[in-house]
Amino acid sequence: MNNWKKKFIIIWSGQLFSILSSSIAQFSIVLWISLKTGSAEVLSFAMIAALLPQALLGAFAGVYVDRWNRKWTMIGADSFVALCSGVIALLFYLDVVELWHIYILLALRSIGGSFHSPAMKSSIPLLAPEKELTRIAGINQAIQSVCNIGGPALGAILLLAFDMSVVMLLDVAGAIIACTSLVFVYIPNPKKENISAKSVLNDMRDGFHVIMRNRGVSWVMVTEILITFFVLPIVALMPLMTLHTFSGTAYQISLIETLFGAGMLAGGALLGIWNPKIRKILMIAFSYAVLGLALAVCGMLPGNGYVFFAILTVVQGLIVPFLSGPFTALLQTQFKPIYLGRVFSLFDSISLFPSIIGLLVTSFVADSLGIGNIFIYCGFAIVLTAILMMCIPSVRNLEKEEIKRKEHTFKE
C-alpha cells in the first residue's frame, strides 16, 4: 500500500490511452451506423451485440478473474480487444465491411471487456487504502470523462477526414500502450484456499451466495439493474435524438457526447478532490433522482431546444460519477477481495439481460412511439426506482453498522 499512488499513476497513464482510443472507435462506429442507416433498430442491435456476450459470459469470467493472475488477465483481455479492432480496421481498409461484420466484432470485443472490467475493479482494493476507494472511483470517472470529451470530437474529425480503418488502428495502439504500462506494475492477488479444486459452477454459486447474504447490497444491485434497464435504451437513442428531434448534424452529435464527457470530468474531479464523507447509499439515491429528472425534461423539449438539451446533457454527465463511484466503492468495501471478481462480473452479467430486453423493445417501438417519449418514460421510471430503493429498510441501514464499528474502534 505504501507506493499505491505511484502504481496508480502508471496504470492510469496506460488506461488513459486505451480508454481514449476505445472511445474514439466506439463513437466512430455509432456515427458510421447512424449516418449509414439512420435507424434506431440498427443502433439498438449494435449495442445488443456489444452487450450480449458480456451478459452470457460475465458470470463465468468472474470465476476465472478470482482464480487467475489479475494483471495478466487484464493484459490478455486488452490484447484480444486490440486483435478485434485490427480485424475491423482491415475490413474497412479492404472496403468489404458489412453490418453483420460489425455486430460480430463488437460481440468479440465484449468478451475481452467481460474479463478486463472485473479484473480491474477487483484489483483496486488490493492496491489502495479503503478510505481512498471513493476518491479513486472519482478519478477513474474523471479519466473516463476526459476520454468521453476527446473521443467523440476526435472520432468525428478522424472519420470525416480519414476513414474507419485509421480510427480502429488507433484503438489497437491504445491497447498496446495499456498492456505495456501494466507490465511494470505489481498487482497482488488474494490468497486462494483450494480454489483450484472447486468447479466453476461451485465458484459461481459461492459468489452468488456471498451477494445474497448482504440484503442491503443485494437490493442496491437490483435497483442498479433496473436503472440500467431504463438508461441503456436512452444511450442507444442519443445520436438519433440529436438528428431527428433537433435536426442536428454529425458535429452536433459529437458536441453532445463531448458535453456529456465534460460534465463527467467535472463530476469525477469534484468527487476525487472532495472525497465526501456522506453515506454512499444517499449519494447514489440522490444521483439517480437527478439523472431521471434531467432525462425526462430532455424528452419534453421542442425541436428548437437543442441548447437546453446540451445544458441538460452536462448535468447528466456531472451526476454520473456521484452514482457510479459510490456504487463501485460500496461493493469494494462490502465484500472480501477474494470474491470481488465474481461479485462484479455476476452483477455486470445479470444487469445486462434486462437491459438487452429494454433495447429490443425500444428498437421496435422508438420509431413509432417517438424518441422524446422514450426519454420521458424512462426518466420518470428512474426517479420512481430511486424513491422505492430508499423505502427498503436494509438499504437505508447500509453502512450504519460499519460507521458504528469504526467509531467504537476509534474510541478504544
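Me: In which helix does Ile139 lie?

Reply: Ile139 lies in helix 5, residues 133-161, where a helix is a DSSP run of H or I of at least four residues, a strand is a run of E of at least two, and both are numbered from the N terminus. This is a predicted model, in which local features need pLDDT of at least 70 and side-chain atom pairs count only at pLDDT 80 or more, while totals for chains, interfaces and linings use all residues. Residues are numbered from 1 along each chain as its sequence is written, and side-chain values use heavy atoms, with hydrogens and water left out.

Me: Why is Ile139 called partly exposed?

Reply: Buried means under 20% relative accessible area and exposed means over 50%, with partly exposed in between, using a 1.4 Å probe and protein chains only. Ile139 has a relative accessible area of 28%, and is therefore partly exposed.

Me: What does Ile139 touch, not counting residues up to four places away in sequence?

Reply: Ile139 touches Trp12, Gly268 and Gly272, contact being defined as heavy atoms within 4.5 Å. Ile139 and Leu265, which are 126 residues apart in sequence, are 8.8 Å apart in space, C-alpha to C-alpha.

Me: Why does Asp95 count as exposed, and where does Asp95 lie?

Reply: The relative accessibility of Asp95 is 67%, so Asp95 counts as exposed. Asp95 lies in the loop between helix 3 (70-93) and helix 4 (99-127), and its phi is near 60°, a positive value in a residue other than glycine. Most residues other than glycine have a negative phi.

Me: Why are helix 8 and helix 11 called roughly antiparallel?

Reply: The axes of helix 8 (residues 215-245) and helix 11 (residues 306-319) come within 11 Å and cross at roughly 160°. Axes are lines fitted to C-alpha atoms, for helices over the stretch in contact, and angles run from 0 to 180 degrees between N-to-C directions. Angles under 35 degrees count as roughly parallel, over 145 as roughly antiparallel, 65 to 115 as roughly perpendicular and the rest as oblique, and helix 8 and helix 11 are therefore roughly antiparallel to each other.

Me: Which residues meet where helix 8 contacts helix 11, and how many of them are charged?

Reply: Met238, Met241 and Thr242 in helix 8 meet Tyr306, Phe309 and Gln316 in helix 11. By class, this contact has four nonpolar, two polar and no charged residues, where Ala, Val, Leu, Ile, Met, Phe, Trp, Tyr, Cys and Pro count as nonpolar, Asp, Glu, Lys and Arg as charged, and the others, Gly among them, as polar.

Me: How do the axes of helix 9 and helix 11 cross, and what residues make up their contact by class?

Reply: The axes of helix 9 (residues 250-274) and helix 11 come within 6 Å and cross at roughly 35°. By class, the contact of helix 9 with helix 11 has 11 nonpolar, six polar and no charged residues.

Me: How do you know that the length of helix 12 agrees with its number of residues?

Reply: The expected span is 1.5 Å times one less than the number of residues, so the 14 residues of helix 12 (residues 321-334) should span 20 Å, and the end C-alpha atoms are 19 Å apart, which agrees. Helix 12 is also mostly covered, with 12 of its 14 residues buried.

Me: What makes helix 14 largely enclosed?

Reply: Of the 20 residues of helix 14, 14 are buried, so helix 14 is largely enclosed by the rest of the structure.
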